[in-house]
Amino acid sequence: MLARALDSDIWHSFRGSPITMVSAVVALICIAGAMLAPWLAPSDPFDLASLSLGDAFKPPRWSDGGDPAFPLGSDGQGRDVLSAIMYGGRVSLLVGFAAVLLSTLLGLGLGLLAGYVGGALDAVLMRIADIQLTFPGFLIALLIDGVVRAVLPAEVHDRIALLVVICAIGISAWPSIARTVRGSTLVERNKEYVLAARIIGVPAWRIMLSHVLPNVLGPVLVIATLNLSGAILAEATLSFLGVGMPPTQPSLGTLIRIGNDFLLSGEWWITLFPGAALVALVLSVNLLGDWLRDALNPRLR
Amino acid sequence: MAAPLLEVRDLRVEFPSRRGTLTALDGISFAIAPGEVLGMVGESGAGKSMTGAAVIGLLEPPGRIAGGEIRLAGERIDNLPYERLRRLRGKRIGAIFQDPLTTLNPLYSVGRQLSETMLTHLPISPAEARRRAIGWLEQVGIPAAARRIDSYPHEFSGGMRQRVVIALALCAEPDLVIADEPTTALDVSIQAQVIALLKRLAREQGTAMLLITHDMGVIAETADRVAVMYAGRIVEIGPVRDVVKAPRHPYSAGLMAAIPPLAARIERLAQIEGAMPRLAAIPPGCAFNPRCPQVFARCRDARPVLRPAGASQAACWLYDDPAGGGVHG
Amino acid sequence: MAEAPPLFAAEDLARSFDVSRPLLQRLLAGEGRRRLRAVDGVTFAIPRGSTLSLVGESGCGKSTVARLAVGLYAPSRGQVRFDGVALAEARHDPRQRRRMQMIFQDPYASLNPRWRVGDIIAEPLTAFGLLPTAAARRDRVGALLAQVGLTSADGEKFPHEFSGGQRQRISIARALSSNPEFLVCDEPTSALDVSVQAQILNLMQDLQRSLGLTYLFISHNLAVVRQVSDRIGVMYLGRIVELAASETLFRRPRHPYTRALLAAIPDLDMTGRTRIPVGGEVPSPIDPPTGCAFHPRCPLANDRCRAVAPASLPPPDAPGTLVACHAVEEGREAD
Amino acid sequence: MTAFILARLLQAVPVVLTVALISFLMFTYVGDPVAIMLGQDFTEQQRTQLIHELGLDQPILMQFARFVGNALRGEFGLSYRLSRPVAELIAERAPATLELAGCAALFALALGLPMGVYTGLYRNSWLSRVFLTFSLIGVSLPTFLIGILLILVFSVWLGWLPSFGRGDTVQLGWWSTGLLTLSGLKALVLPSITLGLFQLTLIMRLVRAEMLEVLRTDYIKFARARGLTDRAINFGHALKNTLVPVITIAGLQLGGIIAFAIVTETVFQWPGMGLLFIQSVGVADIPVMAAYLLLIALVFVAINLIVDLLYYAVDPRLRIGRGGH
């Protein structure tokens with residue numbers, strides 16, 4: 001099994017692209033750093049007892065006045081920026097993965113149904129998708145977040161902010177996946193192997209699951225990878241605008257927003273390092289997604 | 001034979017790939033006299049379309065000519081600089097492609113596409129080009145040509161579009177036309193019309209033609225000589241009557257016998273066992289040896305080259321001895 | 001002794017498709033619904049163990065008939081009878097459904113690329129619950145593979161590891177796995193090269209003989225049809241214009257379209273011959289000509305042909321043949 | 001032609017109506033407008049009267065009809081937060097956003113299109129690789145981070161350009177423009193680049209992908225076989241066919257600029273509609289949100305219509321009813 005995987009075209013294309021390998025390493029470092037934050041981070045930024053205002057605004061350790069205890073400097077409350085980034089990355093990644101999972105499941109399910117069943121169901125679903133696609137996804141997410149904010153009291157909202165953001169981003173991204181899945185489903189359902197299954201009377205749900213689904217998964221995988229970076233960015237944007245993750249549960253976007261207030265006064269590290277982490281993460285995921293798209297679609301190159 | 005218009009000698013086309021360099025065409029040699037129609041048949045993947053693409057200098061990268069030479073009226077054209085090769089295309093070598101639905105640009109009227117081709121190659125005014133464009137549409141049998149000249153490709157049926165494509169290939173009056181499966185996408189009755197048209201125009205203009213098709217019937221009716229391709233090589237080349245009626249190479253013989261005849265029902269069609277090898281798995285010796293009913297030791301060891309066999313030439317060890325017998329009958 | 005019903009019968013079968021533009025555009029352009037009559041009143045029967053072929057050019061409706069025959073489409077008019085039972089009824093019963101299968105044109109689209117060949121061939125077995133144990137199914141798949149000229153080890157492979165001809169063999173093995181009696185073959189060799197086509201045609205004939213299969217064979221290639229058919233129906237624009245025994249049709253074609261079609265085929269024996277092809281093209285089935293659909297291209301057309309659609313009638317001198325042509329009926333055909 | 005435009009307009013109706021319905025539902029059911037407007041102390045009578053005035057006692061369909069009617073006249077009620085008519089607020093902020101979006105769109109199109117064509121035609125040149133690397137960074141950098149970086153470099157470190165606001169504006173009737181003063185123009189530079197960069201990279205990648213797709217088609221091969229010049233093939237045949245899909249998606253992307261202006265306006269404290277909207281979301285100021293949403297929908301409908309007309313001009317296949325068969 002392993003030998004076969006190592007001889008596959010995908011693996012060869014991976015080995016042949018140094019940029020892809022580098023981005024895989026960067027992505028792995030980002031993910032591992034975030035996952036293992038409680039064990040790896042120099043300090044716990046949420047442990048209020050350990051914070052001291054005396055440690056506030058320390059620049060990175062290599063510049064004048066740097067403190068080795070704060071490798072990337074500290075923020076206005078004396079929090080270690082590196083630790084905050086690692087913990088913030090956890091939130092960003094969690095939101096990203098969960099939102100992509102949600103939108104992919106929604107898009108796959110609805111796209112399959114629309115494409116295979118057709119008729120009125122297809123018309124209704126695709127009209128909804130069209131209308132939603134009229135607006136940028138991030139605006140939809142903003143709107144959902146705004147409505148939830150209006151319905152729920154602030155303290156309740158802050159408590160479930162993570163869930164709200166995941167749902168908002170997840171729901172905002174389903175139409176593009178559904179459209180792709182529907183398109184592929186329409187192609188597959190008219191292929192002769194599906195007709196052969198229909199002739200022997202295989203029920204529609206089984207044809208959808210065992211015949212159509214495996215054949216439409218390829219492009220979905222690519223879109224999901226590219227959507228992961230999109231979702232991380234969307235969360236960061238929402239949080240930057242102050243409507244995503246609250247400061248009590250900061251993501252990278254929240255950190256950038258907090259740091260942005262000190263930018264003009266010269267404490268650039270508070271906002272720039274979380275920004276750099278975000279870019280490294282998103283860029284590596286994008287590169288992996290691009291590579292995956294080309295590797296799965298040899299026709300393109 | 002008079003001085004050939006097109007002469008291809010020992011042409012070799014390679015495709016670099018991850019698993020090594022694949023040889024797609026190997027030792028292709030043939031010639032076409034002025035005004036002659038050379039048919040090129042073979043199964044899909046035999047390399048017949050690639051031969052056409054190589055002659056007109058339009059091999060898809062990363063494919064490249066790795067050896068041999070191509071001469072047009074005595075002048076080498078396989079190593080010409082890009083710009084000189086471009087001037088040759090359309091002007092001296094025309095091309096007709098398989099699918100008339102996709103070969104015309106959907107956004108320009110057929111008149112514009114015709115005029116543009118003529119203005120590129122001929123020293124004429126736009127008004128003259130338009131006049132000639134109408135003339136060409138009439139020539140290829142488009143009714144009400146003067147009115148249809150400003151129509152777009154989607155307003156024509158498949159058969160009519162192929163007529164437009166023929167007009168486009170011939171409008172700069174080339175000496176040679178490469179017709180790559182010109183009727184494969186068409187229905188039988190339309191195919192008959194298009195073949196008749198091609199034959200008439202080629203005769204009237206004195207244009208030579210390389211007719212690439214998998215349909216032996218089309219070749220039989222249209223070509224003067226025919227080359228049979230197998231796995232990137234020419235296995236037999238000769239006058240069309242001889243190749244059809246008395247094929248010399250065992251592959252040609254099998255191919256002719258496998259074609260269901262229209263004239264009578266026969267109990268059982270002759271069949272060649274197996275399938276043509278993929279490029280990466282061409283056997284040593286004669287490429288046909290694993291499927292050949294007359295295979296002997298030498299076929300597996302050494303590769304045969306074209307040698308005289310009756311009125312034709314065949315690449316088969318059966319004809320190594322000039323006095324050797326045939327396979328047919 | 002009562003005559004057994006034919007295994008398969010199409011009775012005045014018709015199917016049209018709605019090809020109207022969206023409602024809004026239709027209203028604005030002031031046009032009505034547009035219907036494409038793909039099949040328009042087709043009647044034929046196939047006796048057990050024989051092959052009936054339908055030939056015609058693209059758009060004549062032959063593939064639609066194939067899909068109507070196995071119930072992939074519901075007819076707009078008329079019906080299909082399978083072994084005397086209405087198809088709609090027969091399709092509800094797995095024991096009846098098992099008896100019909102289909103072989104398709106495209107060897108690349110007819111096998112699910114993600115499935116192993118063994119699973120593809122066993123799909124009908126599982127769907128009909130024919131063999132309960134996996135071991136029994138594996139044995140059956142192995143036997144089927146051997147029957148179509150492959151080896152049982154091939155069942156472990158994926159479709160992309162096979163050539164076009166081998167895939168068509170796999171397709172046939174799948175169709176045979178539920179022990180059907182009736183096979184609809186929709187252009188089964190038109191995507192194949194000539195030498196492989198001969199292999200598949202021979203295989204299909206061997207199977208017909210050994211298993212007593214009944215074929216509905218769809219093709220655009222008259223030469224292929226001639227080799228496999230007992231009876232042949234020539235279709236033009238949704239109708240059968242001539243239905244005759246194979247030998248009769250080739251020896252003495254009656255309908256002007258059949259003649260034109262036969263004359264248009266380039267043949268190895270006609271080397272160097274020049275001939276006058278039939279003019280014109282097939283009209284759009286959305287807006288078919290009045291009267292006989294072939295009249296705009298027919299050398300024998302007169303006012304009656306332009307006004308009245310001809311009925312399928314046996315010519316006086318050929319009782320086994322049906323021809324839908326006024327000229328034949330009136331004896332105006334020039335031989 | 002008229003029928004075509006009419007059909008497209010009619011097709012937009014359901015979109016606008018759906019958005020209107022969402023706005024209306026938000027307006028009516030999210031939060032309690034009555035409670036918000038009445039404040040702390042009120043009598044039951046005041047309450048009933050306000051409910052009646054707002055039409056909240058009428059059947060839901062009537063209410064919706066009234067909402068649409070009001071929306072058509074530009075009336076969206078009062079902002080909860082600022083207690084001023086929403087229409088007035090939006091009219092005040094619209095010029096700032098439109099000028100910003102216009103400049104950003106111009107920047108994105110004027111650079112993105114040629115860069116896409118270049119990378120499509122010369123896909124192995126070093127400049128193409130530079131462009132592609134740049135575009136990848138462009139899609140991976142969040143808009144707000146680009147803004148922050150630009151401010152850090154050009155305002156904080158170099159001090160060349162302002163970091164926030166519109167600079168001096170000139171009033172032309174109700175339209176306040178920053179295009180006529182030097183400080184206004186200087187203030188536009190960073191926000192326009194910030195807003196346009198993402199769209200630029202998207203347009204470039206899109207044009208490149210379409211160009212590669214078109215260059216693979218049979219009609220381009222046939223054009224080569226006819227011996228046409230590279231110029232005629234690349235810019236006559238390939239580019240024109242590339243335009244068809246590019247117009248559609250570029251149109252939608254440019255529409256997205258208006259929405260993405262929210263982020264840019266927040267970074268640069270740009271006094272536009274986006275900033276107004278985000279401030280409203282923070283405190284759930286539903287009337288402003290509803291009005292903004294409808295406005296965006298209308299902008300998209302307008303852009304779609306323009307896209308369709310361009311499409312119609314480029315692609316003869318859409319011009320049905322022309323010529324015979």
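Predicted model: local features only at pLDDT ≥ 70, side-chain atom pairs only at ≥ 80, totals over all residues.
The secondary structure of chain B consists of 11 helices and 12 strands. The chain is as compact as a globular protein of its length, because its radius of gyration, 21 Å, is close to the 20 Å that the globule rule gives for 329 residues. The C-alpha trace of chain B spans about 65 × 50 × 40 Å along its principal axes. Of the 329 residues in chain B, 57% count as buried. Among contacts in chain B with a separation of 6 or more, 63% are accounted for by residues 24 or more positions apart.

In chain C, an open sheet is formed by seven strands, arranged in the order 6-7-8-3-9-10-11. The pairing within this sheet is mixed. Its edges are strand 6 (100-103) and strand 11 (322-323) of chain C, each of which pairs on one side only. Strands of a sheet pair through backbone hydrogen bonds, in either a parallel or an antiparallel manner. Strand 10 (residues 239-245) and strand 11 of chain C run antiparallel and are joined by two bridges. C:Leu243 has C:Leu322, in strand 11 of chain C, as its bridge partner.

Two regions of chain A were examined for their accessibility. The buried residues of helix 10 in chain A are A:Glu192, A:Tyr193, A:Val194, A:Leu195, A:Ala196, A:Ala197 and A:Ile199. Helix 10 of chain A is followed by A:Gly201, which has a positive phi, near 85°.

A:Leu36 lies in the loop between helix 3 (18-35) and helix 4 (37-40) of chain A. The relative accessibility of A:Leu36 is 39%, so this residue counts as partly exposed; that class lies between the cut-offs of under 20% for buried and over 50% for exposed.

Notes: Residues numbered from 1 in each chain as written. Chains lettered and ligands numbered in written order. Heavy atoms only, no water. Helix = DSSP H or I, 4+ residues; strand = E, 2+ residues; numbered from the N terminus. Buried < 20%, exposed > 50% of the residue type's maximum accessible area, 1.4 Å probe, protein only. Rg over C-alpha atoms; globule rule 2.2 N^0.38 Å. Contact = heavy atoms within 4.5 Å. Pairing = 2+ DSSP bridges.
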